[in-house]
Amino acid sequence: MSTAHRAPDLAPPPAADGASPGDARGTAPRRRGGRRVTGLIVLLAAIAVLTVLSIAVGARAMDLGEVWAGLTDPAADTYPVVTELRLPRTAIGLAAGAALGLAGALMQAMTRNPLADPGLLGVNTGAAAAVVTGAYFLGFTGFTQTIGFAFAGAAAATVATYLIAGAAAATPARLALAGAAVTAAGFAYVSAIQLMDAASLETMRFWSVGSLVNAHTAPVVPVVTLIGFASAVGILLARPLNALALGDATATGLGVDPRVLRVAGIAAITVLAGTATAVCGPIVFVGLVVPHVVRAFTGPDQNWVLPYSMLTGAAFLVLTDVIGRVVARPGEVQVGIVCAVVGGPFFISLVSRRKVARL
Amino acid sequence: MTASPLAAREATLGYGRNVISADLTVDIPEGEFTVIMGPNACGKSTLLKALARMLKPSHGTVLLDGKDIHHQPTRAVARRLGLLPQSPTAPDGITVADLVARGRYPHQGILRQWSAEDERVTGEAMEATDIADLASRGVDELSGGQRQRVWIAMVLAQQTPLLLLDEPTTYLDITHQIEVLELCAKLHREGRTLVAVLHDLNQAARYATHLIAMRGGAVVAEGAPADIVTAETVREVFDLPCRIIDDPESGTPLVIPSARARNLV
């Protein structure tokens with residue numbers, strides 16, 4: 001069972017149901033504060049367990065002794081599998097999951113739209129367009145060749161969306177419209193090239209599922225550093241985002257410039273989601289769903305929502321990756337598919353059980 | 001007249017090419033409860049937006065403490081000037097105490113997070129607006145009048161000597177309108193400078209100490225309610241034939257629309 005699953009059970013919906021009488025909740029904020037710290041500890045423990053699982057579980061069954069030998073003893077026959085395949089795969093999985101969870105939470109807070117995800121800025125389409133461009137015009141076939149390219153494509157699409165939305169005049173609604181336009185144009189381009197060229201179609205077929213299969217060939221240190229840096233920027237936006245949650249006018253009154261905040265937010269989202277997408281392909285589900293689960297537990301304070309979304313995203317992606325490796329052993333099911341299969345019904349039940357929180 | 005902490009100087013205000021006010025010069029007198037009034041689309045909310053630095057004049061300037069408001073750091077401005085917009089939004093599930101606490105934003109920084117001072121000021125703001133017993137309630141459970149008091153508490157927690165309120169009584173029933181205006185009057189008596197846009201002429205005349213009447217983007221009359229709420233001004237500003245009598249409760253001018261007014265329809 002994932003932490004993502006557990007979160008709402010720990011937290012009966014606080015206010016959105018409106019059923020609980022006010023006087024019965026006299027100590028709610030303090031209780032919630034304590035609960036949130038406990039939840040954080042549970043989340044970190046879950047990530048530790050999942051990390052061990054992710055290193056221990058795979059096509060080749062190992063006991064923990066063999067795993068330990070694989071980590072510490074270069075002479076052990078499990079060493080190559082553990083340090084060269086599973087360790088980087090786990091690190092990338094954690095980093096990409098954290099990036100997608102945080103990018104989704106930032107996106108929803110910045111646009112005050114509970115259905116927003118980084119894909120709304122054109123991140124996925126931009127990366128996809130770059131990947132087919134590389135495959136068709138430059139003959140890229142390898143995964144490592146496409147990483148930098150995909151990241152540049154994601155970034156270019158975001159910048160295009162921001163400029164089309166009117167740059168400094170961009171409002172959440174204009175961003176959504178511009179993102180839809182960029183996505184439509186990018187999708188048309190990707191489809192056109194795929195129809196023209198079978199090799200590009202083949203490359204895209206694997207890329208577009210969303211997978212950690214090739215993660216061990218990614219440059220782990222740069223990827224983790226980039227995500228770490230953008231995460232720090234993202235987390236620092238929590239307080240101004242709390243002000244922005246009260247509306248652009250109130251935020252201005254409190255001394256937040258919404259235009260500056262949006263530029264900073266879009267930059268952080270681009271690096272987070274762009275890096276994750278470049279390495280894993282489009283995994284859309286994490287950014288959309290994780291912040292919803294988190295808010296149901298933490299309430300609307302971004303000081304909690306953002307770190308929680310990061311950790312829950314990391315736990316969720318590694319969990320689904322492990323599931324994908326276990327269910328079809330010795331083969332595996334790509335993490336993008338597991339995310340959708342596990343997360344889809346869960347999201348539907350979440351939305352139907354309680355109203356989607358207004359931001 | 002005392003020095004003006006907030007003023008517009010020959011400001012041209014509008015949205016894109018649509019100019020609402022040209023060459024508008026307005027002084028907000030220190031320590032007064034100023035009410036800006038006028039018919040719909042007279043430019044009163046636009047003026048308030050400009051004074052709150054939400055709208056940058058295409059020509060001219062808005063001065064805060066004698067300096068261009070757009071040349072001052074926005075957080076520094078937020079420690080001088082609080083704003084309650086017309087329709088602020090509260091995120092779902094936020095408690096009253098958490099919402100009021102967000103008013104402390106301009107006093108905090110990366111290194112200076114929540115402090116005992118923040119706790120004290122937030123508590124005082126909730127006492128002043130009589131919502132202390134609602135502290136742990138969800139904002140979405142409250143009545144319209146309670147919710148407006150919560151928003152005023154949020155702006156009070158900002159601890160600014162200047163408060164701008166954009167139609168603070170809209171959407172409230174009469175009892176809550178009076179409640180909010182009495183609260184504004186109290187804040188004024190405690191020494192704050194208030195600027196509000198109001199729709200109700202009689203409420204403006206009763207609570208304001210300084211009135212600015214606007215029409216067509218220009219200031220038509222300005223001064224103490226007793227001096228400028230006259231039948232002539234009301235006709236000039238609102239096209240409304242009326243009589244003015246003394247409000248039997250407060251002695252302030254009371255506008256009684258003429259029975260003939262129905263001929264306008």
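**Figure 1. Secondary structure of chain B.** Chain B contains 9 helices and 12 strands, where helices (H or I, at least four residues) and strands (E, at least two) are DSSP runs numbered from the N terminus. The model is predicted: local features need pLDDT of at least 70, side-chain atom pairs count only at pLDDT 80 or more, and totals for chains, interfaces and linings use all residues. Residues are numbered from 1 along each chain as its sequence is written, while chains are lettered from A and ligands numbered from 1 in the order in which they are written.

**Figure 2. Dimensions of chain B.** The C-alpha trace of chain B spans about 60 × 40 × 35 Å along its principal axes.

**Figure 3. Helix 5 and helix 7 of chain A.** Helix 5 (residues 123-137) and helix 7 (residues 172-196) of chain A pack at an angle of about 25°, with axes 9 Å apart. Axes are lines fitted to C-alpha atoms, for helices over the stretch in contact, and angles run from 0 to 180 degrees between N-to-C directions. The two helices of chain A are therefore roughly parallel, a term for angles under 35 degrees.

**Figure 4. Residues between the two helices of chain A.** In helix 5 of chain A, the residues that meet helix 7 of chain A include Ala128(A), Val132(A) and Tyr136(A); among their counterparts in helix 7 are Gly186(A), Phe187(A) and Val190(A). Contact requires C-beta atoms, placed from the backbone, within 7 Å.

Technical notes:
Angles under 35 degrees count as roughly parallel, over 145 as roughly antiparallel, 65 to 115 as roughly perpendicular and the rest as oblique.
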